[in-house]
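Trainee: Hey, I've just opened this one and I'm new to it. Could you walk me through it?

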Amino acid sequence: MTVAPPPGCVLSADGSYGARLAREGDSLFPERWTLDGPEPYAVPLRTGRSEEPGAEVQPLGDGRVLVRRPAGGRHAFSLLYPTGPGTGEVPLGAVVCPDGDTRLRLLPPAPCGRRAYAVTVGPRSTALWLVAGGASGPERVAEIPGRCSGGAWLDRTGRMLCLDRETGGRTKAVVVDLERGGEVSPLLEITEESDDRVLLADPDSGLLLIRSDAPSPGRGRLGWGVLGSTLPVRFPACLRLPDCAVTPFAVQPGQVLTPEGCAVALRVDGPLGSWVGVWRPAQRRLHHLPAPEGWLTGTGLWTADGVLRLPCATPAMPCGVAVLNPPGPNPPEPERRPERDRAEGRRQGPEESREDASAKPQRPLPERDSAIPAESAAPRPVPLRQAPLGGL
């Protein structure tokens, strides 16, 4: 499976700001983009030093930019902000990784816009750190058994964090409750033998974009489910593109009661380059759109009315936003029953299949606490009852 490179820019949770490492000659410097005004504009945040290639930046909701600077096993954090012609800097402290096998990375921007989190992944456990927005310096807020990757926020307050945890040679998505001291609960399990990851989550509709090898052992497939749904995760055939990496990066917000109608933007990386895919769960096809010139690949934001905004940078326009108006939602076709197909003499071909039949779990989830009602023992790839997300 081809893996997509990191996105060219990081957007704040509400899309008001963006941040990236821009290049000038051989130097790298943080750059903040303001995207919520009538015209986008960029502000360089030079500090008199060139950032190292391994540095990371992330915008907060107030316009400040968090920068992580690695130096050996030490990771220093600072907040940068424009001050007239210069750049202000507030050092926040550092996180020291105990050995060479421990890796640190920033998590996606928190929905509240006031805090930023990172994880240090060691050989047997993962530590969750609050690196910006705490009382004083980086704070360790949870220790999670297993090696964690990914990261997606499940609510608008920044309480529920989804991580993909590897234990016993298998990867399963779990939810971490930050208001309960990092309490960990199962979130996604299709079969005991499958690797099940959450790639993207929409707090409004509950739509989850997942990757699992349950339908094709050894090969990850892109699928979707809904938080709290008793239906199995589905793996649309139209999202299978040979020799391409397909990565979701934005979901249309505001679709509270219609997760199947949410527009999903996907980054497609293939032998001929990168382009944009647009897909809705209720539809059977993936729309392919050419990437605009200078697209900061893998970065974008949907508006509630279905307009896709993609940040772009070219020599002629170093800070711009391309606006795409993909095809709107169509009413889903009525589900055909096999008995009706036989009566009509119609045989459904593979290209007409909305979802792969192998999408259904091949076995039920392991038995849980006996206090759980019997009817909930059916296969639930997204077992919401396992996680305290009722408020969503």
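Predicted model: local features only at pLDDT ≥ 70, side-chain atom pairs only at ≥ 80, totals over all residues.

Trainee: Okay. How many helices and strands are there in the protein?

Mentor: The protein has 1 helix and 26 strands.

Trainee: And what share of the residues is buried?

Mentor: Of the 392 residues, 49% are buried. The accessible surface of the protein is about 18,700 Å², and carbon and sulfur atoms hold 51% of that.

Trainee: Let's do sheets. What's the order of strands in the one with β1?

Mentor: That open sheet has 4 strands in the order β1-β2-β3-β4, paired antiparallel. β1 and β4 (41-44) are the edge strands, each pairing on one side only.

Trainee: How many bridges join β2 to β3?

Mentor: 8 bridges join them, with β2 covering residues 17-24 and β3 covering residues 27-34. One detail to click on: glutamate 24 has serine 27 in β3 as its bridge partner.

Trainee: Got it. What about the sheet with β5, what's its order?

Mentor: β5-β6-β7-β8, an open sheet of 4 strands with antiparallel pairing. Its edge strands are β5 (56-59) and β8 (86-96), and each of these pairs on one side only. From one strand to the next, the twist averages 20 degrees.

Trainee: Which residue in β6 is the bridge partner of valine 57?

Mentor: Valine 67 in β6 is the partner. β5 and β6 (residues 65-71) run antiparallel and are joined by 4 bridges.

Trainee: What does β15 pair with?

Mentor: Let's take the partners in turn. With β14 (residues 160-167), β15 pairs in the antiparallel sense over 8 bridges. In that pairing arginine 165 stands opposite lysine 172 in β15. With β16 (residues 183-188), β15 pairs over 5 bridges, again in the antiparallel sense. There, aspartate 177 stands opposite glutamate 183 in β16.

Trainee: And how many residues sit between the strands in those hairpins?

Mentor: The hairpin of β14 and β15 has 2 residues between its strands, and glycine 168 in the turn has a positive phi of about 60 degrees. For β15 and β16, 5 residues lie between the strands, and glycine 181 takes a positive phi near 65 degrees.

Trainee: Is tyrosine 117 buried or exposed?

Mentor: Tyrosine 117 is buried, at a relative accessible area of 7%. Tryptophan 153 counts as buried too, at 6% relative accessibility.

Trainee: What about phenylalanine 249 and tryptophan 295, how far apart are their ring centres?

Mentor: Their centres are 5.7 Å apart and the planes sit at 50 degrees, so phenylalanine 249 and tryptophan 295 form a tilted pair. Phenylalanine 249 lies in β20 (residues 245-251), while tryptophan 295 lies in the loop between β23 (287-289) and β24 (301-302), so the pair ties together parts 46 residues apart in sequence.

Trainee: Which residue lies over the face of phenylalanine 29?

Mentor: Arginine 46, at 4.2 Å from the ring centre. Arginine 234 lies over the face of tryptophan 224, at 4.1 Å from the ring centre.

Trainee: Last one: where does proline 5 lie?

Mentor: Proline 5 is in the segment before β1 (10-11). Proline 5 is partly exposed, with a relative accessible area of 46%. Leaving out residues up to four places away in sequence, proline 5 touches Arg267 and Asp269. Proline 5 and alanine 245 are 240 residues apart in sequence, yet 9.8 Å apart in space, C-alpha to C-alpha.

Terms used. Residues numbered from 1 in each chain as written. Heavy atoms only, no water. Pairing = 2+ DSSP bridges. Axes fitted to C-alpha atoms, helices over the stretch in contact; angles between N-to-C directions. Buried < 20%, exposed > 50% of the residue type's maximum accessible area, 1.4 Å probe, protein only. Areas by Shrake-Rupley, 256 points an atom, 1.4 Å probe, with all protein chains shown as cover. Contact = heavy atoms within 4.5 Å. Phe/Tyr/Trp six-rings, centres within 6.5 Å; stacked < 30°, edge-to-face > 60°. Lys NZ or Arg CZ within 6 Å of the ring centre and 35° of its normal.
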